[in-house]
Every structure is written in structure tokens, then in C-alpha cells.
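Let's look together at how two protein chains can meet. Take a moment with the picture below, then read on.

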Protein chains: 2
Amino acid sequence: MDYFEDFSVNQRIPFGHYTVTQTEIIEFAARFDPQIFHIDEGHPLTAELGGLMASGWHTTAIFMRLAVDAYLGRAAVLTSPGVDELKWLAPVRAGDVISGEAIVEHARLSASKPDRGILTTGVRLWNQRDIEVLRMTTHAFVRVRPQR
Amino acid sequence: MDYFEDFSVNQRIPFGHYTVTQTEIIEFAARFDPQIFHIDEGHPLTAELGGLMASGWHTTAIFMRLAVDAYLGRAAVLTSPGVDELKWLAPVRAGDVISGEAIVEHARLSASKPDRGILTTGVRLWNQRDIEVLRMTTHAFVRVRPQR
């Protein structure tokens, strides 16, 4: 298990890869974001926007899966207070292979709760053509290593 | 269809209601955010955190469904550049009924693309006990009304 002390500023955490399918784009959007350009491939507006694209919230969900697999799944995380400056920089489309990284920007102990620190990371996602598709700053409460 | 001109600063857009089920919490998290407190009800960490809670990205997806149903689905939206200051303020749990509102904070024409404006909205979500669960600032490109 990785605790707060196991992270260091400027640490780079590389992500694996996530292949986005048209079925998944439509399935996610039909449930949570049924705008034309996420669900209707044949619509003129979709064509005007270059084809079907994933919901931005689908892209953030894909980020989370990559992050859990890369490091959050084995870290002593206690939820997150939020994210800042989330930017969708380019469309995510069917067949795209998404990867990315998190870089630790700040790590500070909580002033009010001595059992945890706050980890701030800069996140970037890109596709198989190295086009950046998402950027944001995330915050997470991570438990400090328990005293023996 | 609602165009950029149909929105005004300080306009309040009320959302409907979305009931969150335990099945949906686990299903979403198993796919995108398989951290213990989102998928394993019986784990001691989950108990320590007050029980199973929805992934924060599940909550943003629920926001999007409420927003599409309330106004985005009939607005001439051309995607979003991002969101700012996304805050998860309280856990979303099984059985919660989520509602909320968007308030238009800024509306300005694009300097570079005359066919669209940028709409900035302050979003709040709350549960059935009026506890605020999410707050953020969203941006959307919305088409101006076509010339006759």
C-alpha cells in the first residue's frame, strides 16, 4: 500500500492504455450525455463536428480507470475534494487509444486532520497520435503511514 | 432550439431529479473507478467512510444527464472547453435523489469564431436532504441564432 509519504513532488506516474470503442461511446452517452454528437453518428451536426465523439465525462471516467490501474488502486486514498481547470482539448473518438500521466505538483499534510495529506497532481491524457485530449489538476486526500 | 441569444446572465435553470441506486454505483465504479469504497460495501474502509459512495465521476455524469434533460438537450451546444473548480462536497450514496441547478454567470460572443458564444454557468447539485454534493463552473460553446 502506498501512503502519503510514498509520493514526492515532481514524481511522474505513467498510465497504461485504454481503447475507446464506438459501442462504449454510445452506451455511456445514451445513459448520461445523450447529445446528438455523442449518440447519433448519422446526424449532420455530428458530421460537421468530425464524427461521433465521446462525452467529456466519459473521458474523465476513462482517466479515472487509467489512474486507478496506474497508482490510485494501491494508494491509501480517502476520496477527493475536487479538480481544477479541467480542459477537454480535443475530441476522443471511436478507436482512439488513450494514455497519459499524472505528475505530483504539491504534497502537503492536512492542517486539520493529522491522519492525511493532500496530493495535488497535474494530469494529461493523449491519444495514439500524441494529441493531448484532456488536462486537469486533481486533488486527493491520502492517508499518512500508520504509526507502528 | 435554444441559441446563445436565448440565454441571459443570472438566468436560473432548475434540474429534475435522479435517483441513485447501489447497483448503478457499483456498476459504474467497477468499470471506471474500482476503488474499495465505491465497490465493496463490506470492506472496513467503506464502513469507516460511512458506507458505499458513488465515484465522483459518476456524480459528474449524473450532473450531465440532469443538465441535458433540463436544457442542454434542446440548446445549440457545440461541445465544451472544460470546467473549473469542480468540488465534491459530500458523498453521494445509494438511495440519494440528486437535483440541482445551473445559473448563467457570463455570456460572451467568441472573438475568434463569429458563429458561437461562450456560456459560463455555476452548477450546484444537492441531495434529498438539501446537502450540497457538488459545485463547479462549466463552459459551453453555443451557436448563435442563424441569420435568415
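## The interface

In this predicted model, the contact draws 24 residues from chain B and 24 residues from chain A; two residues are in contact if their C-beta atoms, placed from the backbone, lie within 7 Å. On the side of chain B that touches chain A, H4 and strand S3 (82-88) of chain B are the elements giving two or more residues. Helices (H or I, at least four residues) and strands (E, at least two) are DSSP runs, numbered from the N terminus.

A word on the ground rules: residues are numbered from 1 along each chain as its sequence is written, while chains are lettered from A and ligands numbered from 1 in the order in which they are written. As this is a predicted model, local features need pLDDT of at least 70 and side-chain atom pairs count only at pLDDT 80 or more, but totals for chains, interfaces and linings use all residues.

## Strand beside strand

S3 (residues 82-88) of chain A and S3(B) run antiparallel, joined by four bridges; strands pair if DSSP finds at least two bridges between them. Across this pairing, Lys87(A) stands opposite Gly82(B).

## How the copies are related

A rotation of 180° with 0.0 Å of shift along its axis places chain B on chain A, with an RMSD of 0.0 Å. That is the relation of a two-fold axis. The superposition is by least squares on the C-alpha atoms of residues with pLDDT of at least 70 in both copies.

Which residue of chain B comes closest to the rotation axis? Asp84(B) does, at 2.6 Å (C-alpha).
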